[in-house]
Amino acid sequence: QFAGKTVTSTFRLVDAAEVKAGDRITVLASSFDGIAEHVVSANLVAEADCVRLVTESMIPLTLALNTPMTTKDRGWIIAANASGYEIPVLDAAGFRWEKVLDVEYVGRRPVARIDCENGTYAAGDIGGRFILSHNTIYKP
């Protein structure tokens with residue numbers, strides 16, 4: 001089973017593996033207070049050890065356990081250590097920061113490593129409910 005879906009700038013849900021250079025996807029705004037869009041420059045799909053995160057409002061995301069996650073204090077933590085941290089989420093209620101309640105190891109899965117101007121992009125296991133994560137390279 002493929003880990004994760006992402007959302008395009010038009011809020012169309014797609015398998016993260018299908019995202020290609022030139023696509024526009026939803027990302028965390030550089031101001032950390034909402035969303036923006038960036039252009040994808042590359043996408044590499046490979047297997048990785050994965051965890052499933054679940055936030056306060058039960059938003060789930062399966063991702064590589066070593067994925068950097070932006071935190072509300074503008075720091076970062078890897079996904080495997082995200083329990084208790086506030087991370088950015090997006091759903092019908094809009095953008096906000098929520099605490100991670102659960103982190104569960106789920107084994108090896110194919111994951112997409114999307115490069116979009118080093119953006120923190122919206123991804124999720126179910127449509128309409130996203131966690132913003134997946135920095136290709138951490139850049140403070």
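This is a predicted model: local features need pLDDT of at least 70, side-chain atom pairs count only at pLDDT 80 or more; totals for chains, interfaces and linings use all residues.
A polar contact is a pair of N or O atoms within 3.5 Å; within protein, one must be able to donate a hydrogen and the other to accept it, and residues adjacent in sequence count only if both atoms are side-chain atoms.

Glu-98 sits in strand E10; strands are DSSP runs of at least two residues, numbered from the N terminus. With a relative accessibility of 5%, Glu-98 counts as buried, a word that means under 20% relative accessible area with a 1.4 Å probe, protein chains only.

| Partner of the Glu-98 side chain | Distance |
|---|---|
| Thr-55, side chain | 2.6 Å |

Now to the nonpolar core, a set of buried Ala, Val, Leu, Ile, Met, Phe, Trp, Tyr and Cys residues joined through side-chain atoms within 4.5 Å. The largest one holds 24 residues, and Ile-25 and Ile-131 are among those with the most contacts inside it. Strand E10 contributes the most to this core, three residues.

Strand E1 (residues 5-7) has the lowest mean, 59, while E9 has the highest, 94.

Residues are numbered from 1 along each chain as its sequence is written. Local features need pLDDT of at least 70, side-chain atom pairs count only at pLDDT 80 or more, totals for chains, interfaces and linings use all residues, and side-chain values use heavy atoms, leaving out hydrogens and water.

Note on methods:
Buried means under 20% relative accessible area, exposed over 50%, partly exposed in between (1.4 Å probe, protein chains only). Helices (H or I, at least four residues) and strands (E, at least two) are DSSP runs, numbered from the N terminus. pLDDT is the predictor's confidence in each residue, from 0 to 100.
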